[in-house]
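Subject: Structure for you to look at

Hello,

Here is the structure I said I would pass on. Please open it first, and then read my notes beside it.

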Amino acid sequence: MAGHLDAPTPLEEHRKLAVFAGEWNGEEMVYPSRWTAGGPASSHVVARIALNGFYLIQDSVQTRDGKESFATHGVFTYDRDDRAYKLFWHDSLGYYPPSPASGGWAGKSLILVRGSLRGNARHVYEVVDDNTYNMKIQFSPDAEGWADVLTGVYRRVH
């Protein structure tokens, strides 16, 4: 068929997201904020590469004091047009961000920032090794001074 375009294929940037695929258990620290009291938590994360390798889809459920306290659904991808990683984030607080978080890799850390009328959030995913990653979510009203909202260490379930 003349004139047809070949379907795009995932780039190395897409494939790099596979480091976070799998099933993980996390030990977290939730910092006091306007949304919740601080304290320790545990989290179960399931992430998979999907849709022909273009996306990492991640679901997590956090537990505090024996009951579900927070849940997230994240969709990660690489945007070949603006050459940046994107994170479409949904959580059980019910807020919908006006646009995805955007960013890239700095060494072994994937850093993604998003803004809304409530302020700015920064997600930092640091690869420790094949079986461990660290994650922190930070908040800033002005995208300059960042305060931790949640930090965690996640270990692969074998």
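D82 is partly exposed, because its relative accessible area is 41%; buried means under 20% relative accessible area, exposed means over 50%, and partly exposed lies in between (1.4 Å probe, protein chains only). K86 forms a salt bridge with D82, with the closest N and O atoms 2.8 Å apart. A salt bridge here is a side-chain nitrogen of Lys or Arg within 4 Å of a carboxyl oxygen of Asp or Glu. K86 itself counts as buried, at 12% relative accessibility.

Before the rest, two notes on the source. This is a predicted model, in which local features need pLDDT of at least 70 and side-chain atom pairs count only at pLDDT 80 or more, while totals for chains, interfaces and linings use all residues. Residues are numbered from 1 along each chain as its sequence is written, and side-chain values use heavy atoms, with hydrogens and water left out.

By the salt-bridge rule the count comes to three. One of them joins R15 and E12 at 3.4 Å, N to O. These two residues are three apart in helix 1 (residues 12-15), so about one helical turn separates them. Helices (H or I, at least four residues) and strands (E, at least two) are DSSP runs, numbered from the N terminus. Another salt bridge joins R155 and E27 at 3.5 Å, N to O. Because R155 lies in strand 10 and E27 in strand 1, this pair ties together parts that are 128 residues apart in sequence. R155 is partly exposed at 41%, whereas E27 is exposed at 55%.

How are the strands arranged? Ten strands close into a barrel in the order 1-2-3-4-5-6-7-8-9-10, with antiparallel pairing. Neighbouring strands of this sheet are turned by 25 degrees against each other on average, direction ignored; the axes are lines fitted to C-alpha atoms, for helices over the stretch in contact, and angles run from 0 to 180 degrees between N-to-C directions. Two strands pair if DSSP finds at least two bridges between them. Strand 1 (residues 22-30) and strand 10 (residues 147-156) pair in the antiparallel sense over seven bridges, and V30 stands opposite L150 there. Strand 8 and strand 9 are joined by nine bridges and form a hairpin with two residues between them. Strand 9 pairs with strand 10 over eight bridges. The hairpin of strand 9 and strand 10 has six residues between the strands, and A143 takes a positive phi near 65 degrees in it.

Which residues touch the most other members of the largest nonpolar core? They are F76, L110, L112, Y125 and Y133, out of 24 residues in that core. A nonpolar core is a set of buried Ala, Val, Leu, Ile, Met, Phe, Trp, Tyr and Cys residues joined through side-chain atoms within 4.5 Å. Y125 also stands opposite M135 in strand 9.

W24 is found in strand 1 and counts as buried at 1% relative accessibility. A polar atom of the W24 side chain lies 3.1 Å from the backbone oxygen of F20. W24 and H158 are 134 residues apart in sequence and 8.8 Å apart in space, C-alpha to C-alpha. N120 is in strand 8 and is buried, with a relative accessible area of 16%. A polar atom of the N120 side chain lies 3.4 Å from the backbone oxygen of P141.

Regards

Notes:
Polar contact = N/O pair within 3.5 Å; in protein donor to acceptor, adjacent residues only side chain to side chain.
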